[in-house]
Amino acid sequence: MIAIIILLLLVIVALGVVLFIVFQKNKYYKVALGNMSAMVIMQRMFEIMASSIPAKNKLEELNNVIIEAFDSKYSTLVLFDGNEYEIRASNVEGVYLDSVKELAESQEFKNNALQNISKYLVATGTRVLGYKTAMERLIKSAMFSPIYYNGTFRGFWLLEDKLEGAYDSISKEELARLKDNIGVFIESISSQEAIENAHNTDKQTGFYNNLYLYSNLRQKIATYSTSAIVLIQLSNLTEINDKYGREVGNVLLENSAKQLKELLSSDNILVRYSGSRFCIACPGTSVELLHKTMERFISALKSQQEIMENGEEVSLAVNIVMHDVKKQSNIEREIFKMVEYAKKSREANTINII
């Protein structure tokens, strides 16, 4: 009987040793897999950095690589400009984004953001994490990593999942290396973005210029069967500049650009076509859908008046030409036709569909 008990104890000890070895091996392989994923991300990161992709798309590309490599439910990259947080890449549902971008100021993560230390939160059993939007999205694992470059806080990276222990495989060393490289990546694309904006953007209005119009517009419109083009002729701008001075004309022009930005969604492409002309490309829509918006624009312009010293009220008048184009259309030729039509138009504050 004693011999049987001793034998059973030896078997139990042996099984315990075997299970411990298996656990350690699984732990090792899990960490190794996480480190390999981090290496893949870093390799792709530098490939994206060196690519000809526009800077504004590079963080989105990187975020897609992160999601795939870590098999993460959510990944979000948020930049901080010293005043505001801006989500530059995320697959979190839109309704939650305003809350997610402020997480660096939340009680859970504020100290980590200040001290440049990542924080890993895990909820066990039936519980979920308690920070804002985590409960609604049933988040059980979250990895918050502040991003710094040269000692300056540039934003943060947030991994989230509905699975418990989703990021156990990421070692502290690889995470630190990865977030440092993301800091370098952000600095690189910020420099690229500044150069691109200087090259493609009209300084006075913030709209794109003609170079962007013809180098990028065709590519965007080609993805839709029908799109709308709007040409806005500021018909009395030259007269205002001559009679009241360029300073008055500039104020009215900049106000008109501001009105367009407020009335149109970010999907539309605003272009300073020439000194007194704006061109708006609206991929995937039609002039019929835009007509009411242009009527509101004309009404807004009439209320944007400059009062001269003699009490005279000065406002811009516009001629608007709208035209639907197909993805096969020659964009340069279609816009040229619209310009010629606007030149011949004599009646102010009109909308013409051709």
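These legends go with a set of close-up views of one predicted model.

**Figure 1. The whole chain, before zooming in.**
This is a predicted model, so keep that in mind for every view below. The protein chain has 354 residues, and 44% of them count as buried. Its secondary structure comes to ten helices and twelve strands. Take the contacts between residues at least 6 apart in sequence: 65% of these join residues at least 24 apart.

**Figure 2. A look into the largest pocket.**
The largest pocket holds about 850 Å³ of space. Its lining is made up of 23 residues, and Lys56, Tyr208, Tyr212, Lys220 and Ile269 are the ones closest to the centre. Which elements supply at least two lining residues each? They are helix 2 (55–70), helix 5 (172–200), helix 6 (210–221) and strand 7 (269–274). By residue type, the lining splits into ten polar, seven nonpolar and six charged.

**Figure 3. Helix 7 against helix 8.**
A pair of packed helices is described by two things, the angle between the axes and the distance between them. For helix 7 (residues 237–244) and helix 8 (residues 246–263), the angle is about 145° and the axes are 6 Å apart. On the helix 7 side, look for Leu237, Ile240, Asn241 and Tyr244. Helix 8 meets them with Arg246, Val248, Gly249, Asn250, Leu252 and Leu253. Sorted by type, the residues of this contact are six nonpolar, three polar and one charged.

**Figure 4. Helix 8 again, now with helix 9.**
Here helix 8 crosses helix 9 (residues 287–303) at roughly 145°, and their axes come within 10 Å. The crossing is right-handed. Helix 8 brings Ser256, Gln259, Leu260 and Leu263 to the contact, while helix 9 brings Thr293, Met294, Arg296, Phe297, Ala300 and Leu301. The residues in this contact include six nonpolar ones, along with three polar and one charged.

**Figure 5. Ala281, tucked into strand 8.**
Ala281 sits in strand 8 (residues 277–282). Is Ala281 buried or exposed? With a relative accessible area of 1%, Ala281 is buried, because the cut-off for buried is under 20%. Setting aside neighbours within four places in sequence, its contacts are Leu217, Ala228, Ile229, Asn268 and Ile269. Val271 is ten residues away from Ala281 along the chain, and the two C-alpha atoms are separated by 8.1 Å.

**Figure 6. Thr285, a buried loop residue.**
Move on to the loop between strand 8 and helix 9, and you find Thr285. Its relative accessible area is 16%, so Thr285 counts as buried. Not counting residues up to four places away in sequence, Thr285 touches Thr226, Ser227, Ala228, Leu290 and Asp324. Ala228 is also in contact with Ala281 from the previous view.

Tyr224 is in the loop between helix 6 and strand 6 (226–234). At 38% relative accessibility, Tyr224 is partly exposed, because that category runs between 20% and 50%. How far apart in space are Tyr224 and Gly284? They are 60 residues apart in sequence, yet 5.3 Å apart from C-alpha to C-alpha. Apart from neighbours within four places in sequence, Tyr224 is in contact with Pro283, Gly284 and Lys327.

**Figure 7. Asn116, with a positive phi.**
Asn116 is not a glycine, but its phi is positive, at about 60°. You'll find Asn116 in the loop between helix 4 (110–115) and strand 3 (119–122). Asn116 counts as partly exposed because its relative accessibility is 29%. Leaving out residues up to four places away in sequence, Asn116 touches Pro146, Tyr148 and Lys179.

**Figure 8. Asn349, another asparagine with a positive phi.**
Asn349 has a positive phi too, about 55°, although it is not a glycine. The loop in this view runs between helix 10 (331–344) and strand 12 (350–353), and Asn349 lies in it. Its 26% relative accessibility means that Asn349 counts as partly exposed.

Conventions. Residues are numbered from 1 along each chain as its sequence is written. This is a predicted model: local features need pLDDT of at least 70, side-chain atom pairs count only at pLDDT 80 or more; totals for chains, interfaces and linings use all residues. Side-chain values use heavy atoms; hydrogens and water are left out. On a 1 Å grid over the protein atoms alone, a cavity is a set of points where a 1.4 Å probe fits but cannot get out, and a pocket is an open set with protein on both sides within 12 Å along at least five of seven lines; lining residues have an atom within 4 Å of a point. Grid points are joined across faces, edges and corners, and a volume is the space filled by probe spheres set on the points. Helices (H or I, at least four residues) and strands (E, at least two) are DSSP runs, numbered from the N terminus. Ala, Val, Leu, Ile, Met, Phe, Trp, Tyr, Cys and Pro count as nonpolar, Asp, Glu, Lys and Arg as charged, and the others, Gly among them, as polar. Axes are lines fitted to C-alpha atoms, for helices over the stretch in contact, and angles run from 0 to 180 degrees between N-to-C directions. Contact means heavy atoms within 4.5 Å. A crossing is left-handed if the near helix is turned anticlockwise from the far one by less than a right angle, and right-handed if clockwise. Buried means under 20% relative accessible area, exposed over 50%, partly exposed in between (1.4 Å probe, protein chains only).
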